[in-house]
Every structure is written in structure tokens, then in C-alpha cells.
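Me: Can you walk me through this one? I'd like to start with the overall picture and then go into details.

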Amino acid sequence: MSSSLISLVTGGSSGIGLEIANMFLEENLEVYSISRTKPLNHKIKHIEFDLLNFQQYHPTFQKLKKKLKDLKVLVHSAGKGIFGLHEELNFQKTKEVLDLNLMAPILLTQIFLRNLKQNKGFIVFVSSITATKPSPLASAYAASKAGLSQFAKSLWEETRKAELKIVNLEIDMTQTPFYKDTWFTTDTHPNSYIKPKQIAEILRNIYLQKENLNITNIIIQPQFHRIQKKKGGTNENN
Ligand SMILES: NC(=O)c1ccc[n+]([C@@H]2O[C@H](COP(=O)([O-])OP(=O)(O)OC[C@H]3O[C@@H](n4cnc5c(N)ncnc54)[C@H](OP(=O)(O)O)[C@@H]3O)[C@@H](O)[C@H]2O)c1
């Protein structure tokens, strides 16, 4: 049985995006994920696509745009990090972080914005605490998220009269596979990280707010400020 409202989530195959996708399924939306790997939940419809492949955006998404006329929710969660001394970072990987975290959501939003406005839709940006907090060893990543946050906030001012809702989530250390290739990860103390499901629950609450208001920006942090360095961890994966 297909429901009338549609949600499109980038990065719905893992971590925060996956929990958000599951939450929208519970809210009876039809959920599509754009990612390279297939989400384990078979109820999420997979669009296999590498968001760094900008040349294929128009051929792929213009077709999808016609199919997703009832698009109500667009969630930008796909992203990656690069952490270390800036002069030591790999050039190509640094560019990919900027492209995936900033260019991809801006261009994808542009493609689907008319549909979303027509449907009085909802756009979610998964940004980061680093957007506003100076973050040594994360300068390029922080810049990508600062750009994303500012795009989200500016777009909200531009589109609010169309009754579109936009929320920007500035989140801190969350326990997901995000840190699998870097030299640090979340600390083991349960108060030192956020669970991705908690972010999805907060978002559910925002999504279900009354029509007259929009929660535009929200900062989510764990109680403690701690990370854990991995044994023998270096910057070499950067
Ligand atoms: N975890 C944290 O502590 C934390 C803190 C602040 C902000 N964030 C932000 O939260 C968002 C989600 O991260 P997460 O923690 O959930 O990490 P994650 O579990 O590693 O998820 C990343 C998602 O991005 C997708 N992705 C990566 N490269 C892609 C590409 N080229 N094309 C399409 N999809 C791609 C991955 O899917 P495939 O690999 O299947 O393509 C995956 O679904 C990111 O934007 C991240 O910057 C995370």
C-alpha cells in the first residue's frame, strides 16, 4: 500500500539518515534513500547514486522529480568528515568533503524546491556543531557545515511565505559509523555521545509541530565533551 506523502533522505543507508528514514516510515510516509549502498530496512526505497557525481544530477533527478510530485520531506544527511592538521589533509578527499556536505545539498534542494513549495513541504539539514564552534583539526569540515547552516537559514527566510518549513540540526558527537576511517571516535561513556535514534525522535517532534510555527535551528549536544582517540590512530586515512 503506498501512502500519499513522500520523504527523500540522502544517506538513508546508515547512522542518522537511517534513523530519520525509519522515523518517517513510522509516520506513514513513503521513504526513499539516496546512497551508494542499500539500506538494510527493505521498506526504504533505494536510489543508488553517488552524490559526488554532479554530472548525473540532472539526468537522474529530473526524472525522479516527476515521479516524486508528492514530495513532502527532503532530508540532507549524507556527509563525511576529514580531520587532522589542515596542511596534512589529502587534497582530493578535502574537496570531496566540501562537495558532499555543501554542494550536494544546495544543488539537490534546487532541483526539488518547486515540488516542496507546492506541497508546503519540510526540508531538514543535518549540519554540525562545528558550523558555529571553531573546531581545530576540523577546519575544512567545519567550513562545509558553516556554509550548510547559513544556506539553510537563508533559504528559510526566502521560502517561509510559501509555507515551507526548514530545520537545521547542528549536532555534536553521535554514535554512528561516521568515525570509522578517522583517528578518533565517540567516547564509551554513555553521556558523551548522542544516539542517532534520539536525533530522529527530536526531529519527529519538530515535524509534528503545529502549522503556525517552524523550529529553524536546533543544537543537540551530549552532556559530556569527550572523544576517544583510537589506538595507534594517526591522520594517515586523511
Ligand atoms: N556522527 C556524528 O558525530 C556527526 C556529528 C555532526 C554531524 N554529523 C553529520 O551527520 C550526517 C550523517 O552522518 P552519520 O553520522 O549518520 O554518518 P554515517 O553513518 O557514516 O552516514 C553517512 C551517510 O552518507 C552517505 N554517503 C556518504 N558518501 C556518499 C556519497 N558519495 N553519495 C551518497 N551518499 C553518501 C552514506 O551512504 P553510502 O555509504 O551508502 O553511500 C551514509 O548513508 C553527516 O552529514 C555528518 O556530517 C555527524
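Reply: Here is a short tour of the sheet, the helix packing and the ligand shell. The model is predicted, with local features needing pLDDT of at least 70 and side-chain atom pairs counting only at pLDDT 80 or more, while totals for chains, interfaces and linings use all residues. Residues are numbered from 1 along each chain as its sequence is written.

Me: What is the strand order in the open sheet of 7 strands?
Reply: The order is S3-S2-S1-S4-S5-S6-S8, with parallel pairing; strands are DSSP E runs of at least two residues and helices are H or I runs of at least four, numbered from the N terminus, and two strands pair if DSSP finds at least two bridges between them.

Me: And which strands stand at the edges?
Reply: Strand S3 (45-48) and strand S8 (217-220) do, and each has a single partner strand, so one side of each is left without a neighbour in the sheet. On average, neighbouring strands of this sheet are turned by 15 degrees against each other, direction ignored.

Me: How many bridges pair S6 with S8?
Reply: Strand S6 (residues 165-171) pairs with S8 over 4 bridges in the parallel sense, and Ile-171 stands opposite Ile-220 in S8.

Me: Switching to helices, at what angle do H1 and H5 cross?
Reply: The axes of H1 and helix H5 (residues 196-207) cross at roughly 45 degrees and come within 8 Å; axes are lines fitted to C-alpha atoms, for helices over the stretch in contact, and angles run from 0 to 180 degrees between N-to-C directions. That makes H1 oblique to H5, because angles under 35 degrees count as roughly parallel, over 145 as roughly antiparallel, 65 to 115 as roughly perpendicular and the rest as oblique.

Me: What about H2 and H3, how do their axes cross?
Reply: The axes of helix H2 (residues 57-67) and H3 cross at roughly 25 degrees and come within 10 Å, which makes H2 roughly parallel to H3. Tyr-57, Phe-61 and Lys-65 of H2 make the contact with Leu-107, Leu-108, Ile-111, Phe-112 and Asn-115 of H3, where contact means C-beta atoms, placed from the backbone, within 7 Å.

Me: Last topic: which residues come nearest to the ligand?
Reply: Of the 26 residues around the ligand, Gly-11, Gly-15, Arg-36, Gly-79 and Phe-178 come nearest, where a residue counts as near if its C-beta atom, placed from the backbone, lies within 6 Å. Helix H1 (15-26), helix H3 (91-118) and strand S5 (122-128) are the elements that give two or more residues to this shell, and H1 supplies the largest share, 3 residues.

Note on methods:
Two residues are in contact if their C-beta atoms, placed from the backbone, lie within 7 Å.
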